[in-house]
Amino acid sequence: MKGTRAGVKCSQLRREGSTQNVHAEHGEYAGAYNPARIPETDNTNATESRDGLLEKIVSRDNMNEAFKRVKANKGSHGIDGMGVDELLQYLKENGETIKQSILDGTYRPNPVRRVEIPKENGKKRNLGIPTVVDRVIQQAIAQVLTPIYEKQFSENSFGFRPKRSAHGAIRRSQTNIAEGYKYVVDMDLEKYFDTVNQSKLVEVLSRTIKDGRVISLIHKYLKAGVVVKHRFEDTEIGVPQGGNLSPILSNIMLNELDKELESRGHRFVRYADDLLIFCRSRRSAERTLENILPFIEKKLFLKVNREKTVVDEAKKVKFLGFSFYERNGETRVRIHPKSVMKMQAKVKELTGRSNGMGNEERAVKLRRYIMGWVNYFKIADMKSQLKVTDEWMRRRIRMVYWKQWKRVKTKFKKLQTLGIHKQKAWEYANTRKGYWRISNSPILSKSLGNNTLKGLGFLFFSDYYRQVTA
């Protein structure tokens with residue numbers, strides 16, 4: 001087994017009771033919400049085996065399927081440095097040993113590798129990247145738990161569930177608003193994944209999962225720790241965001257909130273930890289927020305961000321990048337202005353004049369981004385927005401080409417090659433106008449017209465939107 005590239009050595013087959021790295025202080029979690037521990041129930045007995053659930057998890061078919069999904073998703077390495085391409089050979093050599101150690105209760109997961117992802121607000125989101133072997137085991141657990149918990153999950157929950165998506169959450173929200181629920185509690189759970197009370201989660205799991213060995217294995221993953229800048233830190237609270245188990249554990253925990261909201265007769269839509277509660281009036285929404293806070297904070301031991309949690313008209317909130325509006329008495333969906341600004345910033349980055357990117361690479365990256373963006377936002381009304389965006393993007397692409405041609409002689413030849421008359425080509429080749437100004441000229445609009453840019457591999461938002469919505 002090779003050592004981690006981060007300089008932390010560990011084995012995939014760590015045993016219970018093996019020594020840990022020296023613990024670092026919990027600098028990041030010092031100010032996090034840390035409620036008192038909840039005594040775990042007798043159902044968490046690690047030696048108790050009911051229903052043979054652990055055997056289903058480590059069965060050949062389930063583990064093979066888990067391996068295929070991990071391999072297909074690719075992803076970065078964990079703290080041991082092993083990549084997905086090395087996984088198959090490693091499992092062939094060690095798979096049976098790993099399986100037996102899981103059944104014996106001696107398998108011990110490796111800590112996750114901390115990765116920080118920038119957020120829109122300038123802050124960073126902490127991700128925990130497990131080793132590829134632990135990703136396979138986590139995926140195997142998730143595959144067995146999913147059909148069990150799908151029967152319990154709410155119809156108003158849409159995140160990280162089979163055959164459900166953000167589009168479903170938006171459509172359900174649209175229906176609620178159209179039926180008169182025009183005010184919402186826009187709930188913000190502060191650092192949700194970082195503040196989940198592990199003991200509470202284990203208690204919730206134990207109500208359904210009666211194989212104590214499975215509960216014990218999941219608990220080990222929760223407490224496996226994290227490596228931050230070559231140093232080990234405990235994870236006494238939270239669910240590491242980035243592992244294959246995180247999505248379903250998140251839903252299992254927040255299903256408690258879903259059931260409470262349903263028992264109180266509320267309309268709501270939840271996607272992971274993004275939650276809207278719909279009400280008929282502002283006063284009703286304010287009362288709903290006041291009444292649900294004690295349950296969230298005192299029963300689930302989660303923390304609500306009071307500053308970001310708001311009561312407002314549904315059409316004024318941003319939900320999953322979308323917003324709502326009314327036209328001719330009909331509730332409709334559009335892209336939130338902040339999402340448009342984020343898209344424009346990305347396009348500007350990809351069409352920058354000085355990013356060192358070749359035009360073929362630029363076209364490929366723009367195509368991938370446009371396809372992903374349009375597929376996500378295609379349920380929104382955005383024809384006019386895309387038309388404006390395309391005109392702006394094409395101008396930026398022309399500006400890039402004009403700058404790349406640099407010399408007068410090169411500009412002159414390129415313009416002629418693209419069908420511009422010799423005299424006009426010479427005139428424009430000698431212009432002193434700036435790049436941005438010349439990019440909007442009739443000459444460049446003609447020489448680098450829409451069809452020419454398409455021929456160079458560029459994709460436009462409007463064209464792809466028509467393609468996917470036809």
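Two strands count as paired if DSSP finds at least two bridges between them. Helices (H or I, at least four residues) and strands (E, at least two) are DSSP runs, numbered from the N terminus.

The model is a predicted one: local features need pLDDT of at least 70 and side-chain atom pairs count only at pLDDT 80 or more, while totals for chains, interfaces and linings use all residues. Residues are numbered from 1 along each chain as its sequence is written, and side-chain values use heavy atoms, with hydrogens and water left out.

I begin with the antiparallel sheet. This open sheet has 4 strands in the order β6-β7-β3-β8, and its pairing is antiparallel. Which strands stand at the edges? They are β6 (267–271) and β8; each has a single partner strand, so one side of each is left without a neighbour in the sheet. From one strand to the next, the twist averages 20 degrees. Such angles are taken between N-to-C directions and run from 0 to 180 degrees; the axes are lines fitted to C-alpha atoms, for helices over the stretch in contact.

Two helices pack on this sheet. Helix α9 (residues 246–263) touches β6 and β7, and its direction makes about 170 degrees with that of β6. Helix α10 (residues 282–299) touches β3, β7 and β8, and its direction makes about 30 degrees with that of β3. Contact here means heavy atoms within 4.5 Å.

Let us now look at strand β3 itself. How many bridges join β3 to β7? There are 6 between β3 (residues 183–188) and β7 (residues 274–279), and the two strands run antiparallel. Within this pairing, Val184 stands opposite Phe278 of β7. Strand β3 is also joined by 4 bridges to β8 (residues 310–313), again running antiparallel. In β8, Glu313 is the bridge partner of Tyr183, and Val310 is that of Asp186.

Next comes the mixed sheet. This open sheet of 4 strands has the order β2-β1-β4-β5, with mixed pairing. Its edge strands are β2 (124–129) and β5 (231–233), each of which pairs on one side only. The twist averages 45 degrees from one strand to the next. Strands β1 (residues 112–118) and β4 (residues 226–228) run parallel and are joined by 2 bridges. Here Arg113 stands opposite Val227 in β4.

I move on to helix α19. Which residues of α19 (residues 461–469) are buried? Phe461, Ser462, Tyr464 and Tyr465 are buried, meaning under 20% relative accessible area, whereas exposed is over 50% and partly exposed lies in between (1.4 Å probe, protein chains only). These four residues cover an arc of only 165 degrees around the axis, which puts them on the same side of α19. The arc is that of the directions from the helix axis to the C-beta atoms. On the other side of α19, Arg466 and Gln467 are exposed. The cover over the buried residues includes α11 (337–350), α12 (359–377) and α13 (383–405).

My last topic is the aromatic rings. A search of the whole structure finds 12 aromatic pairs. Rings of Phe, Tyr and Trp (its six-membered ring) pair if their centres lie within 6.5 Å; planes under 30 degrees apart count as stacked, over 60 as edge-to-face and the rest as tilted. One of the pairs is Phe322 with Tyr376, which is tilted, at 5.4 Å centre to centre and 40 degrees between the planes. Phe322 lies in strand β9 (residues 322–327) and Tyr376 in helix α12, so the pair ties together parts that are 54 residues apart in sequence. Is each of these two residues buried or partly exposed? Phe322 counts as buried, at 0% relative accessibility, and Tyr376 is partly exposed at 30%.

Trp373 and Phe461 form an edge-to-face pair, 5.5 Å centre to centre with 90 degrees between the planes. This pair links distant parts of the chain, since Trp373 is in helix α12 and Phe461 in helix α19, 88 residues apart. Trp373 counts as buried at 7% relative accessibility, and so does Phe461 at 0%. Ring pairs link Phe322, Trp373, Tyr376, Phe377 and Phe461 into a cluster.

Thank you for your attention.
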